[in-house]
Amino acid sequence: MLVLGIETSCDETAVALVEDGTTVRSNVIGTQFEHHRPFGGVVPEIAARAHLDMMLPAIDRAFVEAGATYADVEGVAVTAGPGLVGALLVGVAAAKSIALAHDLPFIGVNHLEGHVCATQLEFGHLEPPMISLIVSGGHTSLVLLDAEGRFETIGQTIDDAAGEAFDKIARFMGLPFPGGPEIDKLGRTGDPTAIAFPRAMMNDGTLDFSMSGLKTAVIRELRRRDAVDEEIVMPDVAASFNEAIVDVLVTKTLRAAEAHDVGTITLVGGVAANSRLREAMADGCARTDRRLLLPQPVLCTDNGAMIAAAGYNRLVAGERSPLTIDADPGLPL
Ligand code: KG4
Ligand code: ZN
């Protein structure tokens, strides 16, 4: 069963064709980095306009790369939320139009569920129970897929997303956008124990995260050192900051797995590319005898294939969305 997946919740215009929820036939990702780079972050209005320009060419390319036509498609899935409303609307309108014109089953998908389902594109159909840490520029969430196949958010950031914290600190350090990969690279040559940055909400009894205190602590430390002419070793700052974030993310993910008695953990989202996070999560899982599923980076970041995979799961379960559904920027899981 070939499903067309469309994703436009943030700044990627992504369209994919996926067979049986697991085999990627095409996965076209139009990035808008250059549109947003001058502003040091994603500008919602610019994202929505860029999606409009990029959507039809992305759909055409997805079909060409898959060697498929609309006659081969048996379902259309689209990210209905959460995300930027203007951006989401472009994908939702495109997907509805295709479903209507070709009389195809249509399903609106939650973006976070999509991220979790990216795992099945590499490791085969999901085997619940499972816990996913979703860490990107837009989210920091722990999602439980319980033994009955239901998705539930069991922890999330109460302020900034992890990627947002990386990007903001990188900007303060004078590094280019997106800052996550820059801090990752710089930090590899630094000492992660050089500066003891705070580990927020580490022992508060919840599975939630807070990133803004850490961000403020880094900025305050850099300003203090600057004021008293104390040496600032940028690789040490990057390594110490990276370590503080990773420490909290890994600790809380393992705690979640323990609390819900889950043996499989997946790590997805743009920040899942972080080398220190991958390493520390792998160590933590090995230590606690858990299985870690780490999809390749192109499946970890926003893409249409993960939406097609999530849509496939729901379509084969007999679910459909009416063509009257709206994009919902705050869509809960
Ligand atoms: O999933 P993604 O491509 O887009 C969304 O935010 O939806 O994630 C992008 C985020 C950015 O904040 C970027 O700085 C961060 O992922 N990122 C990283 C790394 N690679 C990308 N953060 C830390 N280390 C990395 N290696
Ligand atoms: Zn995402």
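The report begins with the surroundings of the ligand and then turns to a strand, a helix and some backbone features.

The structure is a predicted model. Of the 19 residues around ligand 1, those that come nearest are Ser 136, Gly 137, Gly 163, Gly 180 and Gly 270. Two elements give two or more residues to this shell, namely α6 (162-172) and α7 (179-187), and the largest share, four residues, comes from α7. Sorted by class, the shell around ligand 1 has ten polar, six nonpolar and three charged residues.

An unreviewed UniProt entry places the feature "binding site" at Ile 134, Val 135, Ser 136, Gly 137, Gly 138, Asp 167, Gly 180, Asp 184 and Asn 274. Two of these positions may be described in more detail. Val 135 is found in strand β6 and is buried, because 32 other C-beta atoms lie within 10 Å, where 20 or more are required. Setting aside residues up to four places away in sequence, Val 135 touches Thr 140, Ala 162, Gly 163, Leu 249, Gly 269, Val 271 and Ala 272. Gly 137, by contrast, lies in the loop between β6 and β7, and with 25 C-beta neighbours inside 10 Å it counts as buried. With the exclusion of residues up to four places away in sequence, the contacts of Gly 137 are Ala 161, Gly 163, Glu 164, Asp 167 and Gly 270.

Strand β6 (residues 130-135) is mostly covered, six of its six residues being buried. In a regular strand the side chains alternate between the two faces of the sheet. In β6 both faces are covered, with Met 130, Ser 132 and Ile 134 buried on one side and Ile 131, Leu 133 and Val 135 buried on the other. The strand β6 pairs with β7 (residues 140-145) in the antiparallel sense over six bridges, and the two form a hairpin with four residues between them; within this pairing, Leu 133 has Leu 142 of β7 as its bridge partner. Strand β6 is also joined to β9 (residues 264-268) by four bridges, these two strands running parallel, and here Ile 134 stands opposite Val 268 in β9.

Helix α9 (residues 234-259) has 26 residues and reaches 38 Å from its first C-alpha to its last, which is close to the 38 Å expected at 1.5 Å a residue. Just after α9, Asp 261 takes a positive phi of about 55 degrees.

| Feature | Value | Loop |
|---|---|---|
| Cis peptide bond, Gly 81 and Pro 82 | omega about -10 degrees | Pro 82 between β4 (73-81) and α3 (85-102) |
| Cis peptide bond, Phe 177 and Pro 178 | omega about -5 degrees | Pro 178 between α6 and α7 |
| Positive phi, Asp 20 | phi about 55 degrees | between β2 (12-19) and β3 (23-31) |
| Positive phi, Asp 103 | phi about 55 degrees | between α3 and β5 (106-110) |

Conventions: Residues are numbered from 1 along each chain as its sequence is written. Chains are lettered from A and ligands numbered from 1 in the order in which they are written. This is a predicted model: local features need pLDDT of at least 70, side-chain atom pairs count only at pLDDT 80 or more; totals for chains, interfaces and linings use all residues. A residue is near a molecule or strand if its C-beta atom, placed from the backbone, lies within 6 Å of it. Ala, Val, Leu, Ile, Met, Phe, Trp, Tyr, Cys and Pro count as nonpolar, Asp, Glu, Lys and Arg as charged, and the others, Gly among them, as polar. The expected span of a helix is 1.5 Å times one less than its number of residues. A residue is buried if 20 or more other C-beta atoms lie within 10 Å of its own, exposed if 12 or fewer, and partly exposed in between; C-beta atoms are placed from the backbone. Two strands pair if DSSP finds at least two bridges between them. UniProt positions are given in the numbering used here, feature names are shortened, and annotations may be inferred rather than shown by experiment. Two residues are in contact if their C-beta atoms, placed from the backbone, lie within 7 Å.
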